[in-house]
Structures are given as C-alpha cells and as structure tokens.
Amino acid sequence: MIDLHTHSTASDGTLSPCELVNYAAEKNIGVLALTDHDTIEGLAEATVAAKNAKIQFIPGIELHIAWPTGEFHLLGLGIKSISQELVKIIDLLQKGRKKRNLEIISRMQEAGIDIKITDIKTTNAKTIGRPHIATWMVEQKIVKNHQHAFDRYLAKGRPFFVERKGASLDESIGAITQSGGVPVLAHPLSLYVSWGKMEGVLQNLYERGIQGLEAWHPAARVVECERLEKLARHIGFFITAGSDFHGKTIRPDRAIGKTAGGKTIDDIFWTEELKPALEK
C-alpha cells in the first residue's frame with residue numbers, strides 16, 4: 001500500500017512525524033508522503049524515521065492557494081531541496097495563519113467564550129490552525145467533537161470563520177518545481193467548481209504547470225473519483241491517491257492507506273504514475 005497525502009503534528013495531525021512513519025509501517029504502507037500544511041518542519045524527522053522503518057519516503061507539503069471559490073490546496077511531492085521562493089511562500093502563509101488565528105479568537109471572545117491564543121498554543125503542534133481550536137472547544141465541552149466544531153462554528157459561513165490570504169498559484173507551482181518537487185492538485189472537488197466547468201478549469205491548471213491530480217480522496221464518493229480520474233487522464237495529468245490522514249482524533253473517519261469508499265490505495269499510483277514523474 002501507499003499513501004501520498006498525510007499530516008503530522010508539524011501542522012494539524014495528531015502523530016509526530018516519527019510516530020506517523022512508524023504507524024504507517026505497522027499498517028504495511030510501503031510508500032509514504034508527508035504533506036503538512038504550509039510547513040516543511042516535519043520532513044527531516046520523517047526522513048530519518050522512514051529510513052529506519054524501511055519505508056520509501058516522499059517529502060512533501062500542502063500549500064493554501066488563493067482561489068475565488070471553495071478551497072484550493074496544492075501538494076508538492078518529492079521535494080528535494082527548499083528553494084528561496086518556497087521559503088518566502090511558507091513565511092507568507094504562516095503569517096497569514098497567525099493573523100487568522102487571532103481574528104478567530106477575537107470573534108470567540110466577542111461571543112462570550114473565555115479563550116486566549118495561549119490556550120491553543122499549549123498543543124505540541126508547530127503550525128496552529130482551526131483543528132487545534134476545534135480540539136480546545138471539544139476539551140472545554142463547547143462542542144461534542146471536531147466535526148461539530150466546524151459544522152457549527154469554524155466552517156465557511158459559520159460565526160467564527162475567517163478567510164485567510166492564500167499564496168499565488170503560479171508562484172507556488174514555480175516554487176515547488178524549483179525545489180525539485182511535483183505540483184499536484186489536492187482534492188479537486190474542494191474548488192467548488194461545477195462539473196460543467198470542471199474540464200475547462202483543470203485544463204487551465206494543467207497548462208499552468210500542475211502535473212498531477214489527486215483524483216482519489218476520502219471526502220469524495222467513489223463515482224466522483226472515477227469521473228475525476230477519467231477527466232484528468234484525458235487532459236494529461238498523472239493520478240494520485242491519498243487518505244489525507246490526520247490521526248484518530250482530528251479526522252477519525254480517515255484511515256492511513258485508505259481513500260474514497262474505504263478503498264485501499266494500491267501501489268499502481270506509485271509504480272505507474274508518480275514514480276516516473278519524480279524521477280525526471
């Protein structure tokens with residue numbers, strides 16, 4: 001099995017990079033990508049752990065991209081060295097995260113919730129985001145679970161939701177490429193593009209330099225993934241699949257090595273798709 005989309009405590013996962021790799025080994029994952037949000041902090045630790053666990057490790061990142069609708073996340077897989085352009089983008093996104101966190105906390109305080117940003121920073125995560133605020137809300141019994149926190153308070157259109165600035169798509173594609181990585185569009189349905197417009201949008205993204213498309217993701221239905229894969233192959237993308245695994249508490253519905261419909265992520269996505277792209 002393989003998994004090309006996972007998270008650790010370097011961003012919003014519940015397992016440290018080392019723990020994530022060891023857990024993947026226990027679950028018989030042979031190829032693992034760590035793609036933490038807007039950070040590369042966990043890659044060095046995961047690289048060492050993967051070598052010890054005899055797992056093929058793919059250093060990666062997941063960048064938040066400016067987009068008019070929905071949410072655009074760009075994976076960078078197979079990063080070999082960190083370009084100055086990528087450093088600048090990470091710095092921009094981290095500053096944006098910090099500003100957003102403060103605005104969310106302010107909204108919560110205005111609603112009568114006794115919370116300070118330092119309450120959230122007690123977590124061991126290096127990159128703080130909405131999932132950590134959701135964890136605090138669960139611990140304070142304000143909500144029943146993480147999903148309830150997002151559905152009621154933190155998701156787009158909810159009382160505590162705050163937009164944050166995304167990185168330039170073209171600059172991010174360039175930064176990933178200059179770092180020796182491959183740009184991959186994560187969970188395309190989160191773009192909130194209708195099926196009638198999807199081909200045109202994906203064609204444009206392909207022409208701008210995105211090489212891969214994560215057609216298989218647990219947030220989508222199997223029939224949607226099959227449709228995305230067919231469309232992506234027609235355009236010229238290579239196909240990836242991931243679990244978007246965060247851990248048992250943050251996203252308990254997602255299992256490492258599994259994707260849409262609970263399907264095991266077969267190594268065909270590695271042997272026939274991603275490997276040739278990374279070896280260019």
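1. Start with helices H1 and H2, where Pro 17, Cys 18, Val 21, Asn 22 and Ala 25 of H1 touch Glu 45, Ala 46, Ala 49, Ala 50 and Ala 53 of H2; contact here means heavy atoms within 4.5 Å. By class, this contact has 8 nonpolar, 1 polar and 1 charged residues. Ala, Val, Leu, Ile, Met, Phe, Trp, Tyr, Cys and Pro count as nonpolar, Asp, Glu, Lys and Arg as charged, and the others, Gly among them, as polar.

2. A word on the source: this is a predicted model, in which local features need pLDDT of at least 70 and side-chain atom pairs count only at pLDDT 80 or more, while totals for chains, interfaces and linings use all residues. Residues are numbered from 1 along each chain as its sequence is written, and side-chain values use heavy atoms, with hydrogens and water left out.

3. Back to that pair: H1 (residues 17-26) and H2 (residues 43-53) pack at about 30°, with axes 8 Å apart, which makes H1 roughly parallel to H2. Helices (H or I, at least four residues) and strands (E, at least two) are DSSP runs, numbered from the N terminus. Axes are lines fitted to C-alpha atoms, for helices over the stretch in contact, and angles run from 0 to 180 degrees between N-to-C directions. Angles under 35 degrees count as roughly parallel, over 145 as roughly antiparallel, 65 to 115 as roughly perpendicular and the rest as oblique.

4. Next, look at H5 (residues 130-139) and H6 (residues 146-154): their axes come within 9 Å and cross at roughly 105°, so H5 is roughly perpendicular to H6. Residues making the contact include Arg 130, Ile 133 and Met 137 of H5 and His 146, Phe 150 and Leu 154 of H6. The contact divides into 9 nonpolar, 2 polar and 1 charged residues.

5. For H3 (residues 84-110) and H7 (residues 169-178), the axes come within 7 Å and cross at roughly 130°, so the two helices are oblique to each other. Glu 85, Leu 86 and Ile 89 in H3 meet Glu 171, Ser 172, Ala 175 and Gln 178 in H7.

6. Then there's the sheet: open, 7 strands, mixed pairing, in the order S1-S2-S3-S4-S5-S6-S7; strands pair if DSSP finds at least two bridges between them. S1 (2-6) and S7 (238-241) stand at the edges with a single partner strand each, so one side of each has no neighbour in the sheet. S1 pairs with S2 (residues 31-34) in the parallel sense over 3 bridges, and Ile 2 has Val 31 as its bridge partner in S2.
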